[in-house]
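Keep the 3D view open as you read.

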Amino acid sequence: MEDIKMTDQKAQYAQHKPELDAAFSAAMERMMQENSPLVDDFASKVAGYLGARHVFPCANGTDALQIALAALDLPAGAEVIMPAFGDAAGAEAVKLLGLKPVFADVLPDTYMLDPAAVEKAATPGTVAIMPVHLFGHCAPMHELLSLAARHSLFVVEDNTQSLGAVYVGPEGQEAKAGSLGHISATAFFPAKPLAGTGEGGAVITSDAALAENIGRITRNEQQEGAEPERLYIKSPLDPLQAAMQEVKLKYIESYNSARREVAHFYDKAFAETVLVQAPHRAPYSSHTYQQYTITVNPKLRDGLQEHLRRQHIPSVVYYPQPLHLQEPFAYLGYKAGDFPVSERLSESVLSLPMHPRLKEDQLAYICQHLLNYVKQHD
Ligand SMILES: *Cc1c(COP(=O)(O)O)cnc(C)c1O
């Protein structure tokens with residue numbers, strides 16, 4: 001059996017090597033032209049893929065979140081509601097821009113921002129909500145969008161993990177994650193659905209006024225001889241990365257469907273026991289399984305991970321600590337017990353190896369060792 005990897009960038013490169021190498025050489029030539037359209041070409045492909053009007057590529061997903069928030073022109077200290085369980089990048093961007101992160105708990109099945117918790121956290125100072133499409137699944141956008149409309153809030157989608165996930169609206173209408181709110185951010189880091197060979201990201205909107213703002217923020221007006229009106233955030237996407245990502249964008253659906261097959265194998269294996277909860281898929285969303293994240297009894301989780309490690313099976317705890325208990329957000333005054341679902345998830349989640357090239361023998365080996373352990377220690 002081949003070694004089991006958590007993700008497999010090397011195999012993806014090998015799969016597309018001739019095409020990527022040719023695109024690389026062509027990009028080197030094109031970069032020597034003045035005003036090379038490489039990045040613009042990639043942006044229009046992403047816009048077409050998502051069904052969004054404006055795509056502004058940038059250096060990484062963290063910058064994309066920051067540019068998206070800056071484009072909203074919010075007053076200092078304005079409150080942005082976001083999930084307490086997940087990656088810290090969104091809350092960091094909010095804090096860095098002088099806004100106030102406000103956390104809300106997540107739903108126990110999908111791990112997504114809980115609309116009822118958002119409703120409770122909203123105050124007259126709230127200006128935006130920032131749902132995260134976590135692990136490849138959409139946040140409950142119908143409830144969140146209608147709540148935002150009722151309270152006149154911006155919706156900033158953190159779509160750094162779920163490019164390609166499809167959201168199904170209440171009338172059956174389909175749209176891609178990242179095209180639903182006022183503005184969204186995505187990432188092209190190697191461990192994301194569309195992986196370049198280095199870093200990348202993009203800000204996406206179909207709103208003309210927000211697009212105009214993003215243009216201003218990401219353009220150095222001073223250099224153009226104009227009086228700058230806003231903060232300038234320098235974050236260009238490397239044209240070489242744009243060229244690599246453009247190749248991989250053609251294959252994103254095939255990567256996503258291959259990961260779904262892997263997920264299906266895991267799902268079937270874990271269906272036989274209540275000791276392992278497979279990731280939930282809500283009827284309103286497809287799942288691209290950027291991560292395949294199970295939950296187990298918190299008492300077993302760390303022992304299980306250690307057991308898997310001894311069998312050469314990698315796994316990762318995404319995420320070991322909810323945001324409201326992390327040091328950079330201590331000034332907000334939250335305490336343990338404030339968000340019980342997020343706290344419990346932090347103790348019970350485990351993300352298993354997930355990439356398009358996992359083979360059946362590897363999957364069977366992973367499931368067998370995992371199930372043996374939880375059954376023996378229950
Ligand atoms: C990866 C990630 C980011 C940041 O993207 P980078 O390209 O790594 O800067 C932000 N939010 C979430 C939820 C992420 O998973």
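## A buried phenylalanine

Let's start with F85, which has a relative accessibility of 2% and so counts as buried, the cut-off being under 20%. Please keep in mind that this is a predicted model. F85 sits in the loop between β2 and α4.

Which residues does F85 touch, leaving aside those up to four places away in sequence? The contacts are V106, Y111, L134, F135, Y318, Y319, S342, L345, S346 and V349. For a sense of scale, the C-alpha atoms of F85 and E199 are 24 Å apart in space, and these two residues are 114 apart in sequence.

## Aromatic pairs

The model has 15 aromatic pairs. One of them joins F85 and Y319: the ring centres are 6.0 Å apart and the planes meet at 80 degrees, so this pair is edge-to-face. F85 belongs to the loop between β2 (79-83) and α4 (89-96), while Y319 belongs to the loop between α10 (298-310) and α11 (340-348), so the pair ties together parts that are 234 residues apart in sequence. Y319 is buried as well, with a relative accessible area of 12%.

Another pair is formed by F270 and Y292. Here the centres are 6.3 Å apart and the planes are at 45 degrees, so the pair counts as tilted. F270 lies in helix α9 (residues 252-270) and Y292 in strand β10 (residues 292-295), so this pair links distant parts of the chain, 22 residues apart.

Elsewhere, a lysine meets a ring: K176 lies over the face of Y49, at 4.0 Å from the ring centre.

## Enclosed cavities

How many cavities of 30 Å³ or more does the structure hold? There are two. The largest cavity has a volume of about 100 Å³, and F85 turns up again in its lining, together with M82, P83, G86, D87, G90, A91, M130, V132, L134, D158 and L323. At least two of the lining residues come from β2, and at least two from α4. By type, the lining of the largest cavity has eight nonpolar, two polar and two charged residues.

The second largest cavity has a volume of about 60 Å³.

## The largest pocket

Now for an open space: the largest pocket holds about 510 Å³. Which residues lie nearest the centre of the largest pocket? They are V39, P57, T218, P236 and L237, out of 20 residues that line this pocket.

Both α2 (38-50) and β1 (54-58) give at least two residues to the lining of the largest pocket. The element that gives the most is β1, with four residues. Of the residues lining the largest pocket, 11 are nonpolar, five polar and four charged.

Note on methods. Residues numbered from 1 in each chain as written. Predicted model: local features only at pLDDT ≥ 70, side-chain atom pairs only at ≥ 80, totals over all residues. Heavy atoms only, no water. 1 Å grid on protein atoms, 1.4 Å probe; cavity = no way out; pocket = protein on both sides within 12 Å on 5 of 7 lines; lining within 4 Å. Points joined across faces, edges and corners; volume = space filled by probe spheres on them. Nonpolar A, V, L, I, M, F, W, Y, C, P; charged D, E, K, R; others polar. Phe/Tyr/Trp six-rings, centres within 6.5 Å; stacked < 30°, edge-to-face > 60°. Buried < 20%, exposed > 50% of the residue type's maximum accessible area, 1.4 Å probe, protein only. Lys NZ or Arg CZ within 6 Å of the ring centre and 35° of its normal. Contact = heavy atoms within 4.5 Å.
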